[in-house]
Amino acid sequence: MAFKDGDSFAKADLSEIAWMEGHWRGEAFGGITEEIWSPPLGGSMLFSFKLVINGKVNFYEVGHIRQIKESLVFELKHFNPDLKAWEEKDEVQSFKLLKVADNRFYFDGFTFEKISENEVNIYGRITENGTEVEEIFNFKRQ
C-alpha cells in the first residue's frame with residue numbers, strides 16, 4: 001500500500017501494535033534476521049534489526065514506531081557492521097500509517113501483520129537494482 005498526495009493518516013495508538021514487543025527471528029536476504037522490539041514507553045516502541053549472513057553481520061537497522069498525535073509513524077536508519085550510517089546524519093527513513101485493518105498495520109512502504117502471538121510478517125517494499133520488489137520477513141518469537 002503506497003501513500004499518495006492527499007491521503008490522510010490512519011488513527012491508531014501504540015497500544016494497538018504492542019504485540020510487536022519481544023525478540024523475533026527469521027530468514028531473509030540469504031541469512032538470519034533478528035528484531036528486538038521494546039514495549040511502548042514515552043510515545044514510542046524502539047527496535048533493532050540485524051541481518052547475519054554466513055555468521056557475520058551484514059547490516060543493522062535501528063528505529064521505532066512512534067505516536068504522532070492520533071497516528072503512528074515507522075522510522076528507521078541503516079548501519080554497516082562498523083555502525084557507519086547509510087543515511088546522512090539528519091536523514092531518517094519515515095513511513096506514515098495509512099490504514100489499520102484486522103491484524104495489519106499498513107505504513108507507506110511496510111505492512112506489519114500479526115499471524116499469532118508467536119509469529120508476525122513484515123512486508124517491505126525495497127528497491128533492488130532499480131526495481132521495486134516486496135520482501136516478506138517472517139519472524140517467530142524467541
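Residues are numbered from 1 along each chain as its sequence is written. In this predicted model, local features need pLDDT of at least 70 and side-chain atom pairs count only at pLDDT 80 or more, while totals for chains, interfaces and linings use all residues; side-chain values use heavy atoms, with hydrogens and water left out.

The overall arrangement is a barrel, closed by 10 strands in the order 1-2-3-4-5-6-7-8-9-10 with antiparallel pairing. On average, neighbouring strands of this sheet are turned by 25° against each other, direction ignored, where axes are lines fitted to C-alpha atoms and angles run from 0 to 180 degrees between N-to-C directions. Strands here are DSSP runs (E, at least two residues), numbered from the N terminus, and two strands pair if DSSP finds at least two bridges between them.

Strand 1 (residues 22-28) runs antiparallel to strand 2, to which 7 bridges join it, and Ala 28 has Gly 31 in strand 2 as its bridge partner. These two strands form a hairpin with 2 residues between them, and in its turn Phe 29 has a positive phi of about 55°. Strand 2 is in turn joined by 6 bridges to strand 3, again running antiparallel, with Glu 34 standing opposite Lys 50 in strand 3. This second hairpin has 6 residues between its strands, and Gly 42 in the turn has a positive phi of about 65°. Because 5 of the 7 residues of strand 2 (residues 31-37) are buried, strand 2 is largely enclosed by the rest of the structure; buried means under 20% relative accessible area, exposed over 50%, and partly exposed in between (1.4 Å probe, protein chains only).

The largest nonpolar core has 28 residues, of which Ile 17, Met 20, Phe 74, Phe 107 and Phe 112 touch the most other members. Strand 3 (residues 44-53) gives the most to this core, with 4 residues. Such a core is a set of buried Ala, Val, Leu, Ile, Met, Phe, Trp, Tyr and Cys residues joined through side-chain atoms within 4.5 Å.
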